[in-house]
Amino acid sequence: MYDHRKIEKKWQARWEKERTFQAPSDTKREKRYVLDMFPYPSSNGLHVGHPEGYTATDIYSRFLRMKGYAVLHPMGWDAFGLPAENFAIKKGVHPAETTKKNIATFKKQIRSLGLSYDWSKEIDTSAPDYYRWTQWLFLELYKRDLAYKRKAPVNWCSGCQTVLANEQVVEGECERCHTGVIQKDLEQWFLKVTAYADRLLADLASIDWPDSIKRAQEHWIGKSEGAIIDFRLNNSPLKISVFTTRPDTLYGVSYLVLAPEHELIKNLKTPIGNIREVKEYIASTRKKTDMERQRVAQKKSGVPLKGITAIHPATKEEVPVWIADYCLASYGTGAVMGVPAHDDRDLAFAKQFKLPIKIVVMPEKADSVIKRSHKAYTGPGILVSSGEWSGMSSEEAKKKIVAAVKGQQTIQYKLRDWLISRQRYWGAPIPIIYCEACGEQAVPESDLPVLLPTDVDFKPTGESPLARSKSFHTVLCPACGKKARRESDTLDTFMCSSWYYLRYPNPHSGDVPFEQESLRYWLPVDMYVGGAEHAVLHLLYARFITKALEDAEFVPFSEPFTRLRNQGLILGEDGEKMSKSRGNVVNPDDIVDAYGADTLRLYEMFMGPFEDAKPWNTNNIMGVRRFLERVWRLYTEHLKKPAAHPPADACIRVIHKTIKKVTEDIPSFRFNTALAALMVCVNTMTDHVLQKNEAVPTYLQESFILLLAPFAPHIAEELWEYMGHPATLTYEPWPSYDTALLTEDTCTITIQINGTRRDSMTVPVPTEEEDIRAQAIERENVKKWIAGKTIKKTIYVEKRLINFVIH
């Protein structure tokens, strides 16, 4: 009997005792560093969606070990964060206590899946011996003028009483407490990620990542080549500078728009005729996030600055000036020129407020017509109604128009510096000291880590709980020795995860953040796997940190993750994303107990392509379980019986083809098709052993177990031992195939009646479909099923099966 509980418990204990998966210290072999995006250890534990990526990297790591590589495959915990602190507020339990408990739960669940992590490399970002180095990293950036503090508008959640990153705002609400988010000006710490914008863009070409992830990063960085053009205000020395990527459309400008936060509004000496309306609009804008304001589909809003006009730099005509929330102070110059005929957003705004629409670029094809009531024409073409530039192509006219109006060619980015301040407790304290005499001072490296205090009240008040701790602020200025005060904000948890991959090779080093010999051997990461929801921020920040460390000569590479693969979501049985609130979460513990870890692993890999979203269906698990039971019976019952006939050439060929298929599919993360090949192989072996009483060579029996091992390691280890091998198969050489045996002289055709297997036969290759149909009908096992019946339809799958649909 296949007793998965006994077998899996046995091998998990043995792997742990023997430290089977510990990364080797031998640095002469070719290495592979395989890494999962480490999880936040929530109180809910794992659901069945989590193991998908973990199983994939485990299969890949086990495969690489058998291929002879030195493999580093670690696991750790992204343990700081808002949920633990909110739980502390609600239940009065310290975040450190709940985090420790949650990590223990996660670790137990992960171990139960038979994942081959090297637990000697485990890290916890909330541990002082880790966040000491997160603080060190901040100080290194601070030394190089890549960390700075300034007042800035931020997303503020009044419910959580903290700053939120853009991705934490959903439909204008906090993703956690669903409180409406507003804009608020606060003194905040930033990292100068914009200094690396060009390199972050250019180096995308050097890494093997999904195109969708690369495009997301390109869009987030948002490089735009264009020009700054000045519009002087009428009867004023002030001017409005606009950034445009389409200076060829300058003659189509019918209005200008300022961001509601634009400094010029405060400096206008000419009275604004509707100043009350303007102030009310500015106040309403502060309730919206930048992402909300940029939505193309939403209805446009804005207010004219009555009494304020600008002079067109080319035509010298007066141009009305508006404020509108779709214009952001943080992008470009905080002002845009409205060209409704040639920009969809400008056209929507012009239609909303009945502003002129001037066509100044026509497509080169004469049969293309632009209608004012239709979409804007945003492509290049020939200039019309553009003074001396009429008749010129867009590309030719751009630079000439910029030069004529004394504009300035420039490049702009949508990318903004990384806001890293958080007004919460459960994070790494920012290592800065404030002295009345000396000002802002960095904490000396010898004084790290700056520890989180315990005398805090977690209740959110709008400032960090650290601000109210007495012990935390008992500090002297490192410059003058006088009493001082620490920075109360903590670091964004993205800061902790921006460098963790560097710590894994030597996580217990107390003197340095990353030991150079092991870092130079293992890094960069060869395969990184995680959800596509991290397409931008985590991945972008990790790339930025790596480049900054390279410039500081701490690491000898510029990209942290050479290859990246994203797993698709595993949805609930209702087709929705799994969540506690929907009640559609499936606990992997229940599946492991009922069916086994190997069954869960195989099911998740067999559901469909790795990168696709897939709905969970508990009923389908039994098909995979039955496959493992067939394997078990084949090896423990059928293969040990003496065979009447020698090995069949057809069976040998199938096994060699399976070796080739699985060998190619695992590195490509085509796990579902690799498993399909293994299932066909088992069926073939079973057919030759049971139906034909033929032998299977021992070396091929062992080859199949080795092929199965990365996917279902517990049953594979047990069968390997059953065949007389006392040592683990973890480091057994991967099977090889004979190319001469990949071509077929014959093939086995499965014969089905109404989808149920009734017989099989071997035919030469090639054999025409008509001949196969004729031979199948004449077989005795088939005749008895079709006697007196009418064959309505015949389905033929080349070289595999023929199915007769009868009634």
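What share of the contacts in the protein with a separation of 6 or more comes from residues 24 or more positions apart? The share is 72%, where a contact means heavy atoms within 4.5 Å. This is a predicted model, so to speak a computed picture, in which local features need pLDDT of at least 70, side-chain atom pairs count only at pLDDT 80 or more, and totals for chains, interfaces and linings use all residues. Residues are numbered from 1 along each chain as its sequence is written, and side-chain values use heavy atoms, with hydrogens and water left out.

On the overall picture, the protein has 25 helices and 33 strands; these are DSSP runs numbered from the N terminus (helices are H or I with at least four residues, strands are E with at least two). Its C-alpha atoms fill a box of roughly 105 × 80 × 50 Å along the principal axes. Of the 807 residues, 54% count as buried, meaning under 20% relative accessible area with a 1.4 Å probe and protein chains only.

Now for helix α20, which runs over residues 649–665.

Gln752 sits opposite Arg757 in β31. Two residues lie between the strands of this hairpin, and Asn754 takes a positive phi near 50° there.

Some of these elements turn up again around the second largest pocket, which holds about 1,100 Å³ of space. Of its 30 lining residues, Val680, Asn683, Thr684, Thr750 and Arg800 are the closest to the centre. (A pocket is an open set of points on a 1 Å grid over the protein atoms alone where a 1.4 Å probe fits, with protein on both sides within 12 Å along at least five of seven lines; lining residues have an atom within 4 Å of a point. Points are joined across faces, edges and corners, and the volume is the space filled by probe spheres set on them.) α20, α21, β30 and β31 each supply at least two lining residues, and α21 gives the most, with 10.

Methods:
Expected span 1.5 Å × (residues − 1). Pairing = 2+ DSSP bridges. Buried < 20%, exposed > 50% of the residue type's maximum accessible area, 1.4 Å probe, protein only.
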